[in-house]
Amino acid sequence: MKYRLFISALLIICAFPAASQSTVSGLVKYAEDGSAASGVNVIVKEAERNVILGYAVSGEDGNYTITYNSDADSLDVSVTGFNIKKLSKTIASGTSKADFLVEYSRQNIREVKVSANAIKAQGDTLTYYVESFKDGTDRSIGDILKKLPGIQVTQGGGIKYQGKEINKFYIEGMDMLGGRYGIAVNNVQASDIAAVEIYENHQPIKMLQEWARTDMAAINLRLKSSAKGAWNAILQAGGGYKPWMWDAEVVPMFFGQRFQTITTYKTNNTGEDVSRELNSHFDSVNETSASLYVTHPTAPPINENRYLDNNIHSISVNTINKVGKDGDITADVSYVHDSQESAGTTVSSYYLPDGSALVIRESIESGLKKDKLGLNVQYRLNSQKSYILEQLSFNGKKNVETADVSSGNGIISQYLRIPDMQISNKFNLRKRYEKWGMDIKSDMKYSTSPSALEVYPNPYPELFAAAPEFNTSYQSLDKKSFKIDNTFSASYHVRRWIVSLSAKLNADIENLNSSLSAMSFENFASDPADSMKNNILFQRYDAILEPRINYTADKFSAGLLFPLDLASLNKKDEIRSHGASETDLLVSPSLFLIWTIAYNLKLTSYASWTEQLGGLSDSYGGYIMSGYRDIGKKDGPTTRKSRQSCSADLNYRNALRGLFASLSANWWRTEGNVIYGTDYSGILSTTTATQMSNVSSGVGVNARISQLINPISTTVNLSGGWSRCWSDYLRQGSLMDGTYDALTANLTVDSKIAKSVVFSYDGRYSRTLNRIAKTALPPIDILRQSAGLNFIIGEKVICGINAEHYFNAMIQGKDRNIFFLDASLSFKHKRFEYILEGNNLINRTIFSSATYNENAGYTYSRALRPASIIFKVRFSLR
Amino acid sequence: MKSFHYILFYLLLALSQTLSAQINTYQSLVQRHPQYSIYPGVYIFEPIWFDHSRMTSESEIDKSRLRITYEVSVVENTKSGRKYKDRMIVLIGDNWYKSYGEGLWKGNKLVALSDYDPDNKLYMREKGYEEILPHAVYRNQKTKTVINRGIFPKLKKIIFRYDEIQPEFKWELSDETKYIEDYLCQKATAEFKGRKWIVWFTPEIPVDCGLWKFSGLPGLILEANDSEDEYNFILGSIEQKEEPILWYNTDKEKKMNREEFRKQEKKMYDDPILNSQGPDGYLSIISDNHNLTGREVFTSGHFVYPYNPMELE
């Protein structure tokens, strides 16, 4: 018998090598009376996968026949029906008979209510219906976004979903603003938006959507049909006292099917930095090496309109035009003019190896004049088969900064001029063939920044052998750089695997030209010594070979990247007639894993090993005076760092319940061969590079939970975290180690208590601990709270009051607790809104606080804007 | 510099006032009855309800076991690509399945289409909703027959009806799956009367498709759209709710065959004036163009309703 079975099994295997067609049939009867069960669904699935291969409905006589294609070993046959109990049988492949005895049973169906819900989940798309979150106090869509569970609007205006930055911001599926989405967040009217959509695991490049998902999310604003294809505009004008203030804005916008535009003009002297919305949240700020600075008062962690003394004009014009089916052209221009003044005092404590602290007291009055121009033009084709991006940008900036610092012995004046110009071009071409993908990328950037810092009186006279009348030190610093990165990559896709290989050729050519000299009121002293000058040509070429392998399944995707970088560095120091070149092989592998554990639960984890070589910023042999009490040279060997890091995020979201939670942990460690030591002498510090192995590392844990409590229209966010980092410092020639701990907790509540009462609360607690060379410094506890209450009277009048409280345990005396009180009254009539605001009604004049950073402590105070009142008229076209 | 700012302030104020006056006339038209814009620039005073007088009685033919709603969006005018929204209700009983557009057939309720307004506890039709599903489909699961009742959008008088044998859909199963809410759904496609339909059904709810006259899948369809993306149904809710499945008895029903039905239907779209109604025999309408009366607006010269039905052949 066994032998015969084996033979027949063998025959079956031989006869049907793959995806063979099979038939299963049988009889379905009721268990109770043996009568035929008709109209019952019979389904065949592969036992491993939850996919139906074939199905049939039982006939009048209870018989069914299903034909299906499969090469699986075993199959699941199940009977389902609205009035019967579900039954399943596992049958071996090739079985052709399966009978069922079914029982009557009423099935319970899980109910869903999508439209009545404030949040809807559908696959990777999450929809928040704005109407459910809106109240009379909301003006822009940003006011709504803050209240959506799972979404966070950071202090800088960036948007995070489940604790991660978003990667795109769309309006009706069109990407007009790129990273400068703050323009939409602050200006698009909440009343024009029907829904906010989150696209999870969003891949903005269409041809890659099936191939490479990301772990980032994108936001799309869905407009109400009344807002589509119609102009809207906001006009606001206001005036107030004290001091005499103005606040005006004009923001016309249009969102059509093929064309969108938004233009902003804003001006005020009320302390509102309206240029911030023009900053990109996507492009990370380019680190400028060895920059010059003047000392400004520390910016306190309160709303900037409490302390900023400004005079700003900000204009931006942004457009997007669809070209053909899948293409678009975006263009934008922005210009900002601002002049700011500030005053405050700072006490900085630098801890020294002998256990003592160097304390520097500075009382500062400073000014900043800023002009900034930005231009961008971009063409993008984003189709299922190809992707083309061509982007040209120009950014020009001119900052003039002044500061008068008094630190005990007289006033030191500083004057800084930083013009900065950048031109960049980005090109990307991707093509997709059946299983092949191709990617060509070329990015170019040229930048120049000829800056100069003057300090009077000369803080480092001993460095200059000059006559006493040359009592001003003058630092000039001219940086030019040209970078080009080219990539060619090909990828091959087979089933769930993607294998790709990239070849990159990068070049980075930089020139640093600096001189530090003494000058008098009229002219320079003689040519400065060589030790005060730099003229360095730095060249770096990288040839990178980058294999990558990705695996994507329904619930699981993973990838490994293994770049091999042959880096060639060439440094030519004209002043010291010294040249050096070296070639190094850098290996920086990284690994990621995204696992959808359950429908609502997702795990993302990363691990990476990075090797880095130092650039021009840490290799110059002549002194540069960066600030009035900060001078240094970095002429050691080429710095080489290796960094290891890993992180894991666990995300949970339940749209039906309005519950979002995330938990993340990370660890990193950096090892370097060069350490920068600081020597303090009086208030002055000198930095030099020393070859010495040094390590810093850190670990952190963050948790966040966000819940919408629907019956009372309340969103509660609770988050907290802890981090610790260990690092080595070199001070006064000896090595010290330090640890720095930060513990934070944050609670926010937004609630529509009743139809006419809106309440919001934001409380943040933090504790920072600093231990330097075994000496534990006292912890700093800070509590910041703000609460607002708005009464909406008859849908036309809104009366609001807002109170803030700051507590810092380090501060003694009356500044330990600081309170602010603001009130507002607004009246809506047709499309006009009349707003009366009173700010800082208690008339608080000084804000004081204390903080630690990794290696120093600061106690500071800052002058505030006085009590003021402002009246505004706001008009919206719709 | 300071005086510049004052001037700017006054200019802005003046500009906003002028603009406001200009738009006022237009806005008052729209704001009075914003939800009843029936055609760009044409608004009606009342929502178009099921005509009570024509509905002599209603009888309960079955009781629902499940009540499903779908958010429907339809490209009504294929030339302009303009989309309209409606809500479809599907009642599933043991013998009868009924699918209908909520707005048009909710004649015995005061307000046509609903969108939940948590503040007023009132059902108000959201802007952009239209009665674009001018038909009800009754499916008898025992006799395997389908009764189609058509009523004409915006302007209507008579119910047209045709009966047919449950049409057969030749579904092709795909192995693609996705979650809709927390139901695991599988993709299936079928050609039917000139459209290629792509649907997502869940075997976890073992009813025969549910939606419209779709049949022949072992589970409820939670999402459906045609390949041209002109008709789009997205799940709104699933409730285990016992609700009477009603048949409206009316003396104004005209029974015909499918060909005749389609011919009549097309005619209604092409010249809706034939079916208008109102105190003077015409709909009471207000128009942006004050030179035109209601009578003139609804002539075929001025008003052709686009015809893009679910069954193209």
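Let's start at S140(A), which sits in the loop between β10 (125–129) and α2 (141–145) of chain A. Helices here are DSSP runs of H or I with at least four residues, strands are E runs of at least two, and both are numbered from the N terminus. Before going on, a word on the source: this is a predicted model, where local features need pLDDT of at least 70, side-chain atom pairs count only at pLDDT 80 or more, and totals for chains, interfaces and linings use all residues. Residues are numbered from 1 along each chain as its sequence is written, chains are lettered from A and ligands numbered from 1 in the order in which they are written, and side-chain values use heavy atoms, leaving out hydrogens and water.

Is S140(A) buried or exposed? S140(A) is buried, because its relative accessible area is 9%; the cut-offs are under 20% for buried, over 50% for exposed and partly exposed in between, with a 1.4 Å probe and protein chains only. Its side chain reaches the backbone oxygen of V185(A) at 3.3 Å. Setting aside neighbours within four places in sequence, S140(A) is in contact (heavy atoms within 4.5 Å) with V185(A), N186(A), N187(A), V188(A), Q189(A) and A190(A).

Now let's step back to chain A as a whole. Chain A has 3 helices and 49 strands, and of its 878 residues, 49% count as buried. Take the contacts between residues at least 6 apart in sequence: 64% of them join residues at least 24 apart.

On the surface there is a nonpolar patch with about 830 Å² of accessible area together, and its members include V323(A), M444(A), F482(A), I509(A) and Y541(A). The elements giving two or more residues to this patch are β25 (436–456) and β28 (533–552) of chain A. For the terms, patch residues have over 30% relative accessible area and no salt bridge, with like charges joined within 9 Å and nonpolar side chains (Val, Leu, Ile, Met, Phe, Trp, Tyr) within 5 Å. A salt bridge is a side-chain nitrogen of Lys or Arg within 4 Å of a carboxyl oxygen of Asp or Glu. Areas come from the Shrake-Rupley method with a 1.4 Å probe, and for residues only the protein chains shown count as cover.

One last stop, in chain B: I147(B) is found in strand β9 (residues 145–150). At 10% relative accessibility, I147(B) counts as buried. Beyond its neighbours within four places in sequence, its contacts include W96(B), Y138(B) and W247(B).

Methods. Polar contact = N/O pair within 3.5 Å; in protein donor to acceptor, adjacent residues only side chain to side chain.
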